[in-house]
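Student: I want to learn how to read salt bridges and a nonpolar core in a model. Where do we start?

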Amino acid sequence: IFFRRKGEMAETAAKTAGGETLYCSTLDATEGETLEKIYKFSDNMAATKETDQYAEDFQGLISATKASTRVKTLVATLIPKHVAQFPAQQAEALTAFINLCKDDDNVVRMHSIKGLPQLCKSSDGKPQGELVKNVTDYLVHRLTTDSGTNEVELRHAWTALESLVKLDVQSVCDQLFKFLEAPEGEEHDALRETAIKLLQEKVCTQANELIRPFESIEEFLKGRIQQVLEVASEGEFKSMVDILKRLKIFEAGQKYGPQGLVDIIADQSLLPEAIDPTNVEELLRVMECINIALPFFKKGIVDNKMSLNIVEKIMPVFEKFKAANQATILQRLCQLGCFVPTEAATKCIPRIFELLMGQLATPPAKTEEKPEEEKKEIELPEIAFTFVEALLFLVHQYGAKDGAQLKMVSGIPLVESEGGNEETYALFKEKLLCTYEVSDAVLRKLKDVVPKAKSTKTPEDQERKRNLDRGIVAIRNVTDLSRPLATGKPYCLQTLPSGKFSWQAATTAAGMKRAAPATSEGKP
């Protein structure tokens, strides 16, 4: 809205966006004089390049931000136009302008919000970093906490933030990360949510146009995001990774590449010391970090840290976790198995083999032959097939990378090398064959149950059918993985013969509980 002078008449004219002129209520003498001075200042500024002499007049313009609504509306359009020519008064003008953004009149507020980015430029058009940060701070608070802001003002605020991002992306991001590093609390959580939304929608979507030179600013974003990841919630963590993966420095052939991104995520999963089995939250964080990293694994990417972290910090107390958590741990190890480098595999073999020996079936003690009528059906040893399936697969994966270490630990003659205990291998082979026999017996029992389960209709029956399918896949995998290690010339497989694990065979329906590990008791 602009005001037009009409001689000595104390009357004001307002032009709408469409050019229509509306005459408003009468001005008092003081208000008319103020407007006259403002117009004179504007005319003088347009007529000269020597603006220093008008510093006092510009100060009057700043003071006019506390005048009447008509005056404030005019001032809201003129301060952004001329502020860059008065750098000494720029910070003061910004403070006064932010107060205009809080005015009771919505027209004043909208003009002021739209003009905020202009107050952050120097006379040569370059950004003033600290002013950009101050305006970003105000706008994020405005978008987050001002429930009275109407939709038009919200759009203006988002547009102003987008203009700031184009003007000085690094200063905007620096202020946004301060919100993300703030302590927890209801208000801070809302501010973090707005900051993340701005990073994703206004920074990342325009990264190719905004980030120049891309390497220096992307290095800045990488460093700040790494700091944020240490205190981020699960949702924030995923959002930060989503931002990282869009940066050029993590593209193939660039400075860090996909391996650098995987390593950043892996760093957040590392435990400083052995985990407390009662600290389930910490365990879940480690597992979720791995889950987030998995989509980035492909040929050429290696797991330098995560598997080793699990084996060294979690596996020593593996037995103390609940069965569902144990299953998750083993699943994550299997998913990472083919990406583990030789050095890490060497360190993982002893603990994995030890756990496998504890999970394999123990042959029944030999007894004297009894008369036929005294013989009873021998009870099958209980086996957690899903656990054995995972541990056998890991032995194959790690053994394929360092057969000498596996021979040293287990005695399995995979390679011609020194070391290895023949008694250990004999016991392992005996337990393996017993497990194979139990698997075969249980599989026959399950095949009798499956036809009956196919006609089930209730949710409970359907869940039972999924568990049956899962158990059958686990048992078949156990038999497939046992054979190569029990032959005359043992060898390690590098892939799963069936192509899928038991937990991949029957995905649990949404909202249902995770199925329990399959056992030899007929309750897969």
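Tutor: Start with the term. A salt bridge needs a side-chain nitrogen of Lys or Arg within 4 Å of a carboxyl oxygen of Asp or Glu. This is a predicted model. A search of the whole structure finds 20 salt bridges.

Student: Which side chain meets Lys-166 in a salt bridge?

Tutor: Glu-162 does, at 3.9 Å, N to O. Both residues sit in helix α7, four residues apart, about one turn of the helix. Lys-166 is exposed at 53% relative accessible area, while Glu-162 is partly exposed at 22%.

Student: Which distant parts of the chain does the pair Glu-319 and Arg-351 link?

Tutor: The two side chains meet at 3.3 Å, N to O. Glu-319 is in the loop between α15 and α16, and Arg-351 is in helix α17, 32 residues apart. Is Arg-351 buried or exposed? The cut-off for buried is under 20% relative accessible area. Arg-351 has 13%, so Arg-351 counts as buried.

Student: What does Met-315 touch?

Tutor: Arg-351 is one of its contacts, beyond four places in sequence; others include Ile-310, Ile-329 and Leu-355. Met-315 is also among the residues that touch the most other members of the largest nonpolar core, which has 155 residues. Helix α18 gives the largest share of this core, 10 residues.

Key
Residues numbered from 1 in each chain as written. Predicted model: local features only at pLDDT ≥ 70, side-chain atom pairs only at ≥ 80, totals over all residues. Heavy atoms only, no water. Core = buried A, V, L, I, M, F, W, Y, C linked by side-chain atoms within 4.5 Å. Buried < 20%, exposed > 50% of the residue type's maximum accessible area, 1.4 Å probe, protein only. Helix = DSSP H or I, 4+ residues; strand = E, 2+ residues; numbered from the N terminus. Contact = heavy atoms within 4.5 Å.
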